[in-house]
Amino acid sequence: MVERSRCGGFVHDAAAGALAADIASQLPDMTRWLRPGDDVVDLDRLTEQPADRAPELGAFHEDGLALILASGTTGLPKAVVHTHARIPAAAQR
């Protein structure tokens with residue numbers, strides 16, 4: 001499912017750390033493995049060289065932001081696309 005979605009980053013917590021390590025070799029196109037609250041990614045280093053200008057906008061209201069996996073009550077788990085507009089709306093509930 002991860003390969004089909006062409007994900008470039010994988011965010012996980014410490015509880016899924018062993019699983020992430022196990023599957024990393026099977027996902028060579030995955031370029032970022034992020035574990036918030038850990039030293040897995042040096043965010044300071046990534047922001048040392050600020051850009052000369054703001055990046056161009058590349059995504060808008062109805063563009064996909066994240067794939068959230070549904071439980072698959074009618075079969076196999078399915079990825080549901082959440083848009084840029086949907087995430088803030090969900091946070092306001």
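This is a predicted model: local features need pLDDT of at least 70, side-chain atom pairs count only at pLDDT 80 or more; totals for chains, interfaces and linings use all residues.
Histidine 12 counts as buried, because its relative accessibility is 10%, where buried means under 20% relative accessible area and exposed over 50%, with partly exposed in between, for a 1.4 Å probe and protein chains only. Residues are numbered from 1 along each chain as its sequence is written, and side-chain values use heavy atoms, with hydrogens and water left out.

Histidine 12 sits in the loop that runs between strand E1 (9-11) and helix H2 (17-24), helices (H or I, at least four residues) and strands (E, at least two) being DSSP runs numbered from the N terminus. Leaving aside residues up to four places away in sequence, histidine 12 touches Gly17, Ala20, Trp33, Leu34, Arg35 and Pro36, contact meaning heavy atoms within 4.5 Å.

Let me turn to helix H2, where Gly17, Ala20 and Ile23 are buried. These residues lie on the same side of H2, because they cover an arc of only 135 degrees around the axis, the arc being that of the directions from the helix axis to the C-beta atoms. Ala18, Ala21 and Asp22, on the other side of H2, are exposed, whereas the buried residues of H2 pack against E1 and E2.

Finally, phenylalanine 10 and tryptophan 33 are both buried.
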